Amino acid sequence: MTTVNRRTLLTAGAAGTAVALAGCTSSGDGGPRKPTAAERAAAAEAALRRRSATASRDLMLRYDAVTGTHPALTARLAPLRAAVAAHVKALGEGGTPPAPGPSGSASAAPAPSPSRSLAAIRVPATPAAALRSLATAERATADTHTAALLTAPPEYARLLASVAAAGAAHAYLLTEGDRG
């Protein structure tokens, strides 16, 4: 029987670890074994990455819905949407970011808001209200990432903090035109 040592599991990365763990969940006597602390930490990080990427993916879908409803906002929102798309990619690296699912579908790990389709997103009728709604979504997503800092490993926590700060800046930029 081939054994997998802890160093191999740690270097496999969060996504690779989840796959590797699926194949090595029994002890030498054929009975189930408890996951090690490293395996539990890797699984927790993978779940955190899925939730974080899902929150940002939902925000990206909201940008798409707003520009679909209000095409005149496309040029203004394009740089912010591109940044959110980069956040989705960065937050999911090392893990498996969830694919957008049908409205109301449940993911393997609980997420702050389930990934949904564009059709399920309500967009306010006026461009100004749509921008305010998008700013509110940016703040909520930034709050989600900030809350995740408490359980994130150090390197991922730095990324989450950066993404949360960018979300707060996006919210400001989206509402800046309302002030004058």
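**The largest cavity and the cores**

Modeller: Four helices each supply at least two residues of the lining of the largest cavity: H3 (37-69), H4 (74-92), H5 (127-148) and H6 (154-175). Keep in mind that this is a predicted model. H5 gives the most to that lining, with 4 residues. The volume of the largest cavity is about 50 Å³. The count of cavities of 30 Å³ or more comes to 1.

Now the residues. The lining is made up of Ser-56, Leu-59, Val-84, His-87, Glu-138, Thr-141, Ala-142, His-145, Val-163, Ala-164 and Gly-167. By type, 5 of the lining residues are nonpolar, 5 are polar and 1 is charged.

Next, the cores. In soluble globular proteins, nonpolar side chains tend to be buried together. The largest nonpolar core here has 15 residues. Within this core, the members that touch the most others are Leu-59, Tyr-63, Val-66, Leu-77, Leu-134 and Leu-174. H3, H4, H5 and H6 each supply at least two residues of this core. H5 gives the most to the core, with 5 residues. Leu-59 belongs to this core, and Leu-59 also lines the largest cavity.

Take Leu-77 as one member to follow. Leave aside its neighbours within four places in sequence, and Leu-77 is in contact with Tyr-63, Val-66, Thr-67, Leu-131, Leu-134 and Leu-174. Another core lies apart from the largest one. That other core has 9 residues, including Leu-48, Ala-148, Ala-152 and Ala-157.

Technical notes:
Residues numbered from 1 in each chain as written. Predicted model: local features only at pLDDT ≥ 70, side-chain atom pairs only at ≥ 80, totals over all residues. Heavy atoms only, no water. 1 Å grid on protein atoms, 1.4 Å probe; cavity = no way out; pocket = protein on both sides within 12 Å on 5 of 7 lines; lining within 4 Å. Points joined across faces, edges and corners; volume = space filled by probe spheres on them. Nonpolar A, V, L, I, M, F, W, Y, C, P; charged D, E, K, R; others polar. Core = buried A, V, L, I, M, F, W, Y, C linked by side-chain atoms within 4.5 Å. Buried < 20%, exposed > 50% of the residue type's maximum accessible area, 1.4 Å probe, protein only. Contact = heavy atoms within 4.5 Å.
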